[in-house]
Amino acid sequence: MTFKQLMALLVLGALWGGSYLLIRVAVPAFGPIGLMAARVSIAAVLLWVGFRITGRRADGLAANWKRILVIGATNSAIPFTLIAMAEVHVSASLAAVVGATVPLFGVLVGALWLRQPVGARRAAGLVLGVAGVAMLVGWGPGALTRDTMVSLGALLLSSASYGFSGVFAKHKLSHIPSASIALGQQLGAAAWLIIPALFNPPALPIAVNALWAVAALAALCTSLAFLIFFYLVSEVGAVRAQTVTYLIPVFGMAWGAIFLNEPITGGMVAGFSVILASVLLVNGVTLSVAGFRATRTP
């Protein structure tokens, strides 16, 4: 990677890691469904404006509207809402760490849906990932109440939804330009969330910090972040762009500690380390010390 590309990767990790902080700030005021309806609707409008300014066409959306609805649900509406529901009860830092399990679910979906072979190395990585989650549950911050356990379950379901959407997009939407998918999935998510949000209005008046949080969540952590992500995909390829997965929990923990005074416990660090090791195993990543670079084997 060039310096410019590396900086883009770091900014993307910071933005997506920061989304957990902003959700934690805004969800008490808006509620999970209302917050995410606002997030995806504003993001869709901003992306559409970007298309108009640049003269770009959203090719393929109308002809593939059913698939767009699926990706809108599984890559935005469902996981966004589950994460927001969880962050009513757990810290932004812990939610970000659990989010590191997304690649593990991607492998599981590929094995179950596409009959992709798992192999001994990936199987070991999956088992290690389960151990990492168990460490988070046992050594995480706060007491293991019923609400906490339900929230952790919601976070894992959100990771499973992301894992499914990645496989689905790769095999069902690969013929559509990635920028069009970014716009389409926000439109699809809005279609799923707007009506339920009307029946779950936010409590008035809404605090100013919550309004700023939802604006930043939509503009920075959704619209801008997707533009950076697709820039990286075009410049360095999808595999290297997806290494942002390793940065998101680090930034998520850092932002939670800095701005919300959330504790970073030894259990969180240990759990994340084990989950990260499992993700590297599952994805066949080995480190070349001599060349200071990561390589990915099939």
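The questions and answers below treat the overall fold, a pair of helices, a pocket and a cavity.

Modeller: This is a predicted model, in which local features need pLDDT of at least 70, side-chain atom pairs count only at pLDDT 80 or more, and totals for chains, interfaces and linings use all residues. Residues are numbered from 1 along each chain as its sequence is written, and side-chain values use heavy atoms, with hydrogens and water left out.

Colleague: In what order do the elements of the protein run from the N terminus on?

Modeller: The protein holds 12 helices and two strands. These are DSSP runs numbered from the N terminus, helices being H or I of at least four residues and strands E of at least two. From the N terminus on, the order is α-α-α-α-α-α-α-α-α-α-α-α-β-β.

Colleague: What radius of gyration does the protein have?

Modeller: The C-alpha trace spans about 50 × 45 × 40 Å along its principal axes. The radius of gyration is taken over C-alpha atoms, and the globule rule is 2.2 Å times the number of residues to the power 0.38. For 298 residues a compact globule would have a value near 19 Å, and the protein agrees with this at 19 Å.

Colleague: How are α1 and α9 oriented to each other, roughly parallel or roughly antiparallel?

Modeller: Helix α1 (residues 3–30) packs with helix α9 (residues 208–236) at an angle of about 155 degrees, their axes being 8 Å apart. Axes are lines fitted to C-alpha atoms, for helices over the stretch in contact, and angles run from 0 to 180 degrees between N-to-C directions. Angles under 35 degrees count as roughly parallel, over 145 as roughly antiparallel, 65 to 115 as roughly perpendicular and the rest as oblique. The two helices, α1 and α9, are therefore roughly antiparallel.

Colleague: Which helix gives the largest share of the lining of the second largest pocket?

Modeller: A pocket is an open set of points on a 1 Å grid over the protein atoms alone, with protein on both sides within 12 Å along at least five of seven lines; a cavity is a set where a 1.4 Å probe fits but cannot get out, and lining residues have an atom within 4 Å of a point. The second largest pocket is lined by L46, L47, G50, F51, I53, T54, R56 and L227. Six residues, the largest share, come from helix α2 (residues 32–54).

Colleague: Which residues line the second largest cavity?

Modeller: The search of the whole structure finds two cavities of 30 Å³ or more. The lining of the second largest cavity consists of A100, T245, Y246, F272, I275, L276 and V279.

Notes: Points joined across faces, edges and corners; volume = space filled by probe spheres on them.
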